[in-house]
Amino acid sequence: MSYKLFIPGPIAVSEKTLRAMSQPMIGHRSTDFVALYQSIQPELQALFYTKDPVYLSTSSAWGVMEGAVRNVTRKKVLNCMNGAFSDKWNDVAQRCGFAAGALKFDWGQPVDPEAVRRELATGAYDAITLIHNETSCGCMSDLPALMAVIRQFPDVISIVDTVSSFSGVPIKKDELGIDVLITGSQKALAMPPGLALFSVSKRALDRAASQPGRGYYFDFVEFQTNHEKGMTPSTPSIAHIYALKSKLEDIKAEGVENRYARHARLNKMVRDHMAAKGFKLFPKEGYGSVTLNCFANTLNIDLAALNKTLKSKHHLVIDGGYGKLKGKTFRISNMGDETDETIAAMLKSFDAAFAETPKLAS
Ligand SMILES: Cc1ncc(COP(=O)(O)O)c(C=O)c1O
């Protein structure tokens, strides 16, 4: 059975993107590959708002998230934690053997810039991880305010995960002073999972160059050396790079500002619709994500039954809550190629399924 994904990644992939992926293979050390790689750099740099190169890693985002910590942490990394993915980053840093500070906020609360300032002012840290858009609870922290604080600590290398916000909202890497900006293919870029994209500042690259134990597969210096030849360190998923080229064409055709406006408009459409039904947004007011909505199950409905109906009768799937929020929240994505029409159709299906969904005994 085929059904459409409205979960916050992976999301629906267009026929055009899928067709792009099925082009004939080329050698990853061939001039054709170099031409392909170099042809997409200017548009990628524009989308990252950076003059630095944009590297392509055949891995999911976690590969580069872990790799980034290994490339730049010397003394101690501060992990800002306000949901499942940012919590896990602290665990990952420790598994890599680093001293890692846990700056914890309740899920759904944004990362507080003043708390970050207090922690960095201890002088204990030389790296920080931050998730711009905590997908698990639909919470978008105030990145400009956070970066304004982090910039005041010149020894601290910033690693920012924009996995589920990138290309849905503008994230101006150079202007904000982000050292390592990471995203993945399966969220707002609307490609299949399997490619991570990242850009690294000169000072982070310099830090990496003298960093022992940074490994090979995610070594920033390897990415830079190969980038200078128009290549990746190891054989990449060339199909994904074809897809990326196709997606960059789509973004250019739409206009990036129009793309941001569309994400904001569709996000509000879903939010308003659910508010009218009585569902409250889960994250703190003013910090709701623009690429997905995470609603509290304020009406105490049977989310598993709802999703079953949505899937079997309406051929679409939403998310019934991540981790400890399962059953307590539900999440609906508006990332990627969605339009007013596709979102309206999804909401109509939601209403029909909702009408036959039982409430849970409280
Ligand atoms: C904010 C965020 N960071 C990291 C990840 C992990 O990405 P991946 O599973 O592609 O490694 C996700 C996945 O949903 C995410 O939403």
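Modeller: What follows is a walk through the salt bridges, pair by pair. This is a predicted model, in which local features need pLDDT of at least 70 and side-chain atom pairs count only at pLDDT 80 or more, while totals for chains, interfaces and linings use all residues. Residues are numbered from 1 along each chain as its sequence is written, and side-chain values use heavy atoms, with hydrogens and water left out.

Taking a salt bridge as a side-chain nitrogen of Lys or Arg within 4 Å of a carboxyl oxygen of Asp or Glu, the count comes to 20. One of them joins the side chains of Asp337 and Lys247, at 2.7 Å from N to O. Because Asp337 lies in the loop between β13 (329–333) and α13 (340–355) and Lys247 in helix α10 (residues 238–254), this pair ties together parts that are 90 residues apart in sequence; helices (H or I, at least four residues) and strands (E, at least two) are DSSP runs, numbered from the N terminus. Lys247 is buried at 1% relative accessibility, whereas Asp337, at 30%, is partly exposed (buried means under 20% relative accessible area, exposed over 50%, partly exposed in between, with a 1.4 Å probe and protein chains only). Both residues also belong to a network of salt bridges that links Lys16, Lys247, Glu249, Asp250 and Asp337.

Within helix α11 (residues 256–277), Asp272 and Lys268 lie four residues apart, about one turn of the helix, and their closest N and O atoms are 2.6 Å apart in a salt bridge. Asp272 is partly exposed, with a relative accessible area of 39%.
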